[in-house]
Amino acid sequence: MREYDGTRPVTLTRTLTNVGKTKETYRSSVSGLPGMKATVSPASVTLAPGKSATVTITLSRGSAPWDRYVTGSITWRGKAHSARIPVAARPWGITPRPYGDDGEEFGRMVNGASGSVQPGFTGPFAGRSTGYTPMRRTSYSMPAGVYGGVFDPSATGVKKFDLTVPANTAGIVVDVNADDPNTNLDLYLYQGDKLIYSSDRYWTSAEQAYKFLPEPGRYTAYVFAQFPGGPVVDFQFGQAIIGRNATYAGATLEVPSTVERGLTYGFTVKPKKPLADGDFWAYTEWSTNGTVIPGNLVYAQQSSWQ
């Protein structure tokens, strides 16, 4: 179901054939597909031996998450035989996004001056933005651990940060930086005991981790000095929790009023007033004919708008 945009129902047809030697009635049932509405017409068919019938399957999005696959099956059962087809649906609304190794979609993080969307539908298009909230950074020091060690949340050389994420959060963004060129820091983001993002692949102390549309609850970020430059590691830790329905520093969202499926359109989220020094995040959300579709986390720096 890769072409399913999620904003309107999609219809499929399948052919059922009685492979038995007697007349049989097959009744349909749906399992799985959480958040999707699936109907089969006709709901049951009666077929003579060797005869076939065409059935129509209609899928529409209810509460299913955007940009995530939901799976299930549709089964036709008779007295002697049954036929089952697996179904996977991914209502994407905007560009279907490939996933990285960390499970997050490519293209969720964009620069406010050069964002783009590729809608999966043709029709009216509107958007809104929360405006920009600053990345809040604080300086820390911690004793160094083993040089070139392996990450252990309880070891020396690891600093823990607890985050409380409320409901209706558009995204979490955390980052870390150190001025010492001989220090290599890694960054890990956990939800409970589950690792949801790691930024640890390169020799750098500028690492970033994020989660788009996170579930509410407790999260933990760990800063790990894999290669400390000395006995004490100095660094800055930054965090932003962007509310989906929040209102931050005013910004103007420029988008086209109508779009065509498959084409690419640019958008900007431009502050109404100059931003202070630092880094900022905003959230955009799109809509068409009353259907709301999650958009992007948008990044801006004060220097971007001078």
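Predicted model: local features only at pLDDT ≥ 70, side-chain atom pairs only at ≥ 80, totals over all residues.

Me: Let's start with the rings. How many aromatic pairs does a search of the whole structure find?

Reply: The count is 15. To read a pair, look at the distance between ring centres and the angle between planes; over 60 degrees counts as edge-to-face. Take Tyr-147 and Phe-227: their centres are 4.8 Å apart and the planes make 75 degrees, so this pair is edge-to-face.

Me: Where do those two sit in the chain?

Reply: Tyr-147 is in the loop between β13 (136–143) and β14 (158–165), while Phe-227 belongs to strand β19 (residues 217–227). They are 80 residues apart, so the pair links distant parts of the chain.

Me: Is Tyr-147 buried or exposed?

Reply: Exposed, because its relative accessibility is 53% and the cut-off is over 50%.

Me: Which type of pair do Phe-151 and Phe-224 make?

Reply: That one is tilted, because the planes are at 55 degrees, with 5.8 Å between the ring centres. Here too the pair links distant parts of the chain: Phe-151 is in the loop between β13 and β14, and Phe-224 is in strand β19, 73 residues apart. Both Phe-151 and Phe-224 are buried. They also belong to one aromatic cluster, together with Tyr-188, Tyr-190 and Tyr-222.

Me: Now the sheet. What should I look for there?

Reply: Strands of a sheet pair through backbone hydrogen bonds, in a parallel or an antiparallel way. Here, 4 strands make an open sheet, ordered β13-β20-β15-β18, with antiparallel pairing.

Me: Which strands stand at the edges?

Reply: β13 and β18 (207–212) do. Each has a single partner strand, so one side of each has no neighbour in the sheet. From one strand to the next, the twist averages 20 degrees.

Me: How many bridges join β15 to β18?

Reply: There are 6 bridges between strand β15 (residues 169–177) and β18, and the two run antiparallel. If you want a spot to look at, find Val-173, which stands opposite Tyr-210 in β18.

Me: Can we finish with a single residue?

Reply: Thr-169 counts as buried because its relative accessibility is 4%. A polar atom of its side chain lies 2.7 Å from the backbone oxygen of Pro-166. Leaving aside residues up to four places away in sequence, Thr-169 touches several others, including Leu-213, Pro-214 and Ile-241.

Key: Residues numbered from 1 in each chain as written. Heavy atoms only, no water. Phe/Tyr/Trp six-rings, centres within 6.5 Å; stacked < 30°, edge-to-face > 60°. Buried < 20%, exposed > 50% of the residue type's maximum accessible area, 1.4 Å probe, protein only. Pairing = 2+ DSSP bridges. Axes fitted to C-alpha atoms, helices over the stretch in contact; angles between N-to-C directions. Polar contact = N/O pair within 3.5 Å; in protein donor to acceptor, adjacent residues only side chain to side chain. Contact = heavy atoms within 4.5 Å.
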